[in-house]
Amino acid sequence: MEPNNVRSFSGFLLAGAALVALAIYLVLHGVLNPDEGFYLAAAHFVAQGHIPYRDFGYTQAPLLPYVNLPWLHLFGFTLAGQRLAALTWTLLAVASGVIWLVRRERSWWPATLFVLLLLGSPLWLAFSVEGKTYGCAALAVLIGSIAVLSARPWLIRWPVFVAAATVGVGVRYP
C-alpha cells in the first residue's frame, strides 16, 4: 500500500470504528420505538409458519419478517436480537458502500468521507439500528444504486438493480 493510502486507510479505520461504536451504543441504549414489538411479533408469527396479511395483520411490505429470520435465529427472538439484526443490515450497507468506493476510486479517502457523512447523521443511524425496516432497506437502496452507477454491462447490472429494488419495496413500502 502506498504511503498516502496508508494514511487514508488509518483515517478510514478511525472513522469506521467511531461509526461502529456509535451504532452499538444506539443498539444498546437507544430509545425503544413502539413499532419494534410489532416487527418482532410478525417475525415470531412467520417463524411459526404464518403468512402476513392472510394469518395476521401487517402494515408493511411482507418481506422483512422473512429476511430477518436467519439473524433472529442467530441473535434470539428478542428486541435486542432484532436490533442486532438491524445493525447487521446497516453494517452490511455501510460495508457495501465502502467496498464500492474503494474499488472505484482506488483510495480510502472517499470511503472515509462516506463514513464521516454517516457519522454526521446520528438520526439516520439511530433509525437504522432500530428493529424496523430501515437497515435492510438501506442495504437494498445502496446495492441498487451501486448497480445503476456501475461500469459493468447493463445485462449484469440491470438484474442486480431489479433484485435490490424488489427487496427494498418488499421490506418497506415507501
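## Exercises on a predicted model

Tyr53 is partly exposed, at 42% relative accessibility. The model is predicted: local features need pLDDT of at least 70, side-chain atom pairs count only at pLDDT 80 or more, and totals for chains, interfaces and linings use all residues. Residues are numbered from 1 along each chain as its sequence is written, and side-chain values use heavy atoms, without hydrogens and water.

**Exercise 1.** Describe the nonpolar patch on the surface.

Solution. 
- Step 1. List the members: Val148, Leu149, Trp154, Trp158 and Val162, with about 490 Å² of accessible area together. Patch residues have over 30% relative accessible area and no salt bridge, and nonpolar side chains (Val, Leu, Ile, Met, Phe, Trp, Tyr) are joined within 5 Å. A salt bridge is a side-chain nitrogen of Lys or Arg within 4 Å of a carboxyl oxygen of Asp or Glu. Areas are Shrake-Rupley, 1.4 Å probe.
- Step 2. Assign elements. α7 (134-149) and α8 (154-171) each supply at least two residues. α8 gives the most, three.
- Step 3. Check one member. Trp158 is in helix α8. It is partly exposed, at 46% relative accessible area.

**Exercise 2.** Characterise the largest pocket.

Solution. 
- Step 1. Its volume is about 410 Å³. On a 1 Å grid, a pocket is an open set of points where a 1.4 Å probe fits, with protein on both sides within 12 Å along at least five of seven lines; lining residues have an atom within 4 Å of a point. The volume is the space filled by probe spheres set on the points.
- Step 2. Of 15 lining residues, Trp100, Arg103, Ile146, Ser150 and Arg152 are closest to the centre.
- Step 3. α4 (79-105), α7 and α8 give two or more residues each. α4 gives the most, five.

Key
Patches are made of residues with over 30% relative accessible area and no salt bridge: like charges are joined within 9 Å, nonpolar side chains (Val, Leu, Ile, Met, Phe, Trp, Tyr) within 5 Å. Helices (H or I, at least four residues) and strands (E, at least two) are DSSP runs, numbered from the N terminus. Buried means under 20% relative accessible area, exposed over 50%, partly exposed in between (1.4 Å probe, protein chains only).
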